[in-house]
Amino acid sequence: MQETAGTTLVDAAELQELMKRKFMKAGLKEAHAEETARHLTYADACGIHSHGTVRVAYYAERIAKGGVNLDPNIVFKPTSDSTGVVDCDNGMGQYVCNVALDYAIDMAKKSGSAIVGVARTGHSGMLSYYVKRAAEEGLAAIAMCQSDPMVVPFGGSETYFGTNPFAFSAPTNGEKPLVFDMATTVQAWGKVLDARSKNRSIPDTWAVDAEGNPTTNPHDVRALLPIAGPKGYGLMMMIDVLSGSLLGLPFGKHVSSMYHDLTEKRNLGQMYILMDPAKFTDPEAFKKRVSQMIDELHSMPPAKGYDQVYLPGERSQIRYAKAMKNGIEVATDIYEYLKSDVVHLDEYDGKGAFA
Ligand code: NAI
């Protein structure tokens, strides 16, 4: 552990254990707490602090107040050889979505592809966590999920869609799969939370304040902006249709709020699309082509001001390898909370979308 202004460098194993204990104290079963802590550690190690420790107090409060089913009955209903829906019974998002992925991987390996809806889940965290696992099993994978309304549609004055992310992964013939993961907003809401926790300003392109003006103060944010205007707006709509309406779940502005009522279950949706490359081409030749693409991108001379051309998502994976060895930067007050006996800080329940 090493401290710099406002942040502390914490060993990954220690961080995971502290989070696991906190979630168990809040009420989660050990396996659910462990998987959630592993997921959050992965996020922080990747440098995606928006989906790591910064969320623990919120999750612990929701778990303690009844907004997560502590003993979910997770049921997979196949609807054909390559389609199905997993009912997650509102268990802890990171845990139940990981279980749902096991079903989808199994189906894709047997039938060549799997389109699996994940219904009635909680907040699922960082989507690359799931697709990376599928690629490690030799599959190409896409994951997408809806989230609570906090984005103004292009040209609109009120929030409607969520930050609705998608992630993609594919195997290569190297050690690591391709992994790309992004919210369809300029930044995920958690990035604003992270900036708040570290008292840092945000770029004026991320979000607007209550008057609809661009803001650099993370505390003033009242709506996020879609990437690339109407194009990001279209993408978030597609994701909401496929992971919400298609599964018979609430959609758009009807999606449950993260903070509105922490005693209520979230009923969120996610969608996995997994493909076995062998059903489309020679799988070894596929991996070779992907690896050739990677080499060609890596060997391209960088533009002025850049050190090299990275693959989309590559920098997170580089950060992950380093952080697992050298430690993870955590806001010091969050670290103190994790070490304390306090279960949660009672600071989120009943708040608006931008608590
Ligand atoms: P981001 O803006 O940090 O990164 C987007 C992508 O661009 C990443 O794959 C990143 O590695 C890549 N990238 C960034 N700079 C790059 C560079 N210079 N060269 C090459 N690639 C580069 O991510 P964002 O959009 O803020 O999303 C963060 C996380 O939040 C994601 O894991 C997403 O799944 C998660 N999320 C989850 C939600 C949920 O409800 N479960 C809702 C919204 C986001």
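**Close-up views of a predicted model**

**View 1. Helix H1 and its cover.** In H1, the buried residues are Ala12, Leu15, Leu18, Met19, Lys20, Lys22, Phe23 and Ala26. The model shown here and in the other views is predicted. Helices and strands both contribute to the cover over the buried residues of H1. The helices include H2 (30-45), H3 (56-65), H9 (314-326) and H10 (332-339). The strands include E2 (7-10) and E12 (328-331). H1 itself covers residues 12-26. Its 15 residues, at 1.5 Å a residue, should span 21 Å, and the end C-alpha atoms are 21 Å apart, so expectation and model agree.

**View 2. The whole protein.** The protein has 10 helices and 12 strands. Along the principal axes, its C-alpha trace spans about 55 × 50 × 45 Å. A compact globule of 355 residues would have a radius of gyration near 20 Å; the protein has 20 Å, which agrees. Of the 355 residues, 51% count as buried. Among contacts with a separation of 6 or more, 69% come from residues 24 or more positions apart. The protein exposes about 15,800 Å². Carbon and sulfur atoms supply 53% of that area.

**View 3. The open sheet.** Seven strands form an open sheet, in the order E3-E4-E5-E11-E6-E7-E8. Their pairing is mixed. The edges are E3 (75-80) and E8 (178-182), each of which pairs on one side only. On average, neighbouring strands of this sheet are turned by 15° against each other, direction ignored. Strands of a sheet pair through backbone hydrogen bonds, in a parallel or an antiparallel sense.

View 4. E3 and E4 run antiparallel and are joined by 5 bridges. A hairpin of 2 residues connects E3 to E4. Ser80 stands opposite Thr83 in E4.

View 5. Side chains alternate along E4 (residues 83-87). Gly84 and Val86 point to one face and are buried.

View 6. E7 (residues 166-170) pairs with E8 in the antiparallel sense, over 5 bridges. The bridge partner of Ala167 is Asp181 in E8. Helix H7 (residues 230-243) lies across E6 (140-145), E7 and E11 (268-275). H7 runs at about 95° to E6.

**View 7. Cys97 in helix H4.** Cys97 belongs to helix H4. Its relative accessibility is 0%, so Cys97 counts as buried. Leaving out residues up to four places away in sequence, Cys97 touches Val118, Thr121, Ser124, Tyr130, Gln270 and Tyr272. Cys97 and His123 lie 26 residues apart in sequence, with their C-alpha atoms 9.3 Å apart.

**View 8. His49 between H2 and H3.** His49 sits in the loop between H2 and H3. With 16% relative accessibility, His49 counts as buried, because the cut-off is under 20%. Beyond its neighbours within four places in sequence, His49 is in contact with Ala43, Asp44, Val54, Asp194, Lys198 and Glu329. His49 and Lys191 are 142 residues apart in sequence, yet 7.0 Å apart in space, C-alpha to C-alpha.

**View 9. Two loop residues with positive phi.** Asn90 is a residue other than glycine with a positive phi, near 60°. Asn90 lies in the loop between E4 and helix H4 (93-111). At 5% relative accessibility, Asn90 counts as buried. Ala228, also a residue other than glycine, has a positive phi near 50°. The place of Ala228 is the loop between E10 (223-224) and H7. Is Ala228 buried or exposed? Ala228 is exposed, because its relative accessible area is 55% and the cut-off is over 50%.

Methods: Residues are numbered from 1 along each chain as its sequence is written. This is a predicted model: local features need pLDDT of at least 70, side-chain atom pairs count only at pLDDT 80 or more; totals for chains, interfaces and linings use all residues. Side-chain values use heavy atoms; hydrogens and water are left out. Two strands pair if DSSP finds at least two bridges between them. Helices (H or I, at least four residues) and strands (E, at least two) are DSSP runs, numbered from the N terminus. Axes are lines fitted to C-alpha atoms, for helices over the stretch in contact, and angles run from 0 to 180 degrees between N-to-C directions. Contact means heavy atoms within 4.5 Å. The radius of gyration is taken over C-alpha atoms; the globule rule is 2.2 Å times the number of residues to the power 0.38. Buried means under 20% relative accessible area, exposed over 50%, partly exposed in between (1.4 Å probe, protein chains only). Accessible areas come from the Shrake-Rupley method with a 1.4 Å probe; for residues, only the protein chains shown count as cover. The expected span of a helix is 1.5 Å times one less than its number of residues.
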